[in-house]
Amino acid sequence: MAARKDARRIASEATREAVSNRILLIEDSPAMTMLLRQRMEEETGAEVICCDSHAAARACLENEQFTLALTGLNLPDSPRGEILALLGDFGVPTIVFTAMFDPEARERYAQKKIIDYIVKDGPRTVETVLHTVARILSNSAFTILVVDDARSARSGLVEILKRQNFRVLEAHSGTQALEIIEAEDKIELVVTDYHMPDMDGYELTRRIRETRSSEEMRIVGVSSSTDRWLSASFLKAGACDFIYRPFVPEELQCRIDNNIETLKQIQRLRYLADRDYLTGLSNRRCFFEKTRHMEATRTPEHCSSVAILDIDHFKKINDTYGHEAGDRVLKMVADALAETCAPAKHFAARLGGEEFALYLRNTDAFQAHSFCEKVRQQIEELVMEVNNHEIAVTVSIGVVETETGESFDNNLNAADQLLYLAKSSGRNRVYSTLTLPEAMTAANASAVAELF
Ligand SMILES: [Mg+2]
């Protein structure tokens, strides 16, 4: 219990408030300064403060805080790279540009603990600088857990990763690592040692993979072992990468960057795969995948409801005003849905054509009916102007409280039947089990009967 509390404390201590990014640009060429400042401000949204000498940089550092510094190596009053010592004294993570690359300089930079160095090699330099700056700034959104029983080895890794602007958590054992992972759901990458007394890195990797896939969490193994089979074992257990000690920090940095880049690409692809391209709402596949999961994990004491919404006379809008106007109507209705929905409670999606669905968590039949009524009214009030014509749209909605033990598809079918009744009873209305007696006309009797 105490260990779990400890894990939570470690997790919460590492929580940082979002701060706006400020970059110190130290460069004596006015043309380069102007170009870099403009591009960095435009592309990263950071505030860029410029100075052209060692003395001016010192004055800035004494008065302000910076997320990172970008500096040329040789300045008029700092001919031998003294600027690096100054930035080091103020503890500002630094990216260096250098006119030429040589192995000796690389060694020197590694000792100065700078983030990265960029060789000025023509037109691509500016792009490389921007890419590096954007990467360092975006690193703050990623959390890495470092697991190692040896304090010095652990702090070495932590220092390299913190310098790269990652949020870093530490665990001194496999057990503590599992507790932190359970307490903190936002860890994207784990760097783990192999030899640890309570559980080795191989076992830790295997245990993490029982609940987290490599699409959610990357694992990088590290070991000073001389066993050359170790990397294969780690990778087979589910690790994404492995590094033998001793390593140069740049190698670790590159491997971490590659894994973070892979995660970003997966996140981006998943976002696009889940999205309805036209409206930006979730798409049909995402709706079914997520709601089936939410329903399967719902306990009987938590109710939920599901609604299907259809735009009235949509074909007529398309036929009269053209498909472009139809698309704008779809987008307008989607925006109204997104605005009315509370992100943690309501989940809206476009099922296809002019049909939308809503999944309402912790919402019973009464609450669901009144929520859908609010949605209906809001859409009724919208007006869109097309070729000097005002188009107003209305929607019909069928909504049911989901029945525990019933398949989600059957619940959705029931909502669909109610939608059919709402349509056949005049449109622009919400039908739920609460309105059934009203719906029970001779014409609808067979459809109502099908609901039971
Ligand atoms: Mg160890």
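Q: How are α8 and α9 oriented to each other?
A: Start from axes, which are lines fitted to C-alpha atoms, for helices over the stretch in contact, with angles running from 0 to 180 degrees between N-to-C directions. Under 35 degrees counts as roughly parallel, over 145 as roughly antiparallel, 65 to 115 as roughly perpendicular, and the rest as oblique. Here the axes of α8 (residues 174–183) and α9 (residues 201–208) cross at roughly 20° and come within 10 Å, so the two helices are roughly parallel. Helices (H or I, at least four residues) and strands (E, at least two) are DSSP runs, numbered from the N terminus.
A: One caveat: this is a predicted model, where local features need pLDDT of at least 70 and side-chain atom pairs count only at pLDDT 80 or more, while totals for chains, interfaces and linings use all residues. Residues are numbered from 1 along each chain as its sequence is written, and side-chain values use heavy atoms, leaving out hydrogens and water.

Q: Which residues of α8 and α9 make the contact?
A: Contact means heavy atoms within 4.5 Å. From α8 you get G174, A177, L178 and I181, and from α9 L204, R207 and I208.

Q: How do α13 and α14 pack?
A: Apply the angle classes again. Helix α13 (residues 314–321) and helix α14 (residues 323–340) have axes 6 Å apart, at an angle of about 140°, so they count as oblique. On the α13 side, F314, I317, N318 and Y321 meet H323, A325, G326, V329 and L330 of α14.

Q: Which residues of α3 are buried?
A: Buried means under 20% relative accessible area, exposed over 50%, and partly exposed in between (1.4 Å probe, protein chains only). In α3 (residues 54–63), H54, A57, C60 and L61 are buried. They sit on the same side of α3, because their arc around the axis is only 120°; that arc is taken from the directions from the helix axis to the C-beta atoms. E62 and N63, on the other side of α3, are exposed. The buried residues pack against β1 (22–26), β2 (47–51) and α4 (82–89).
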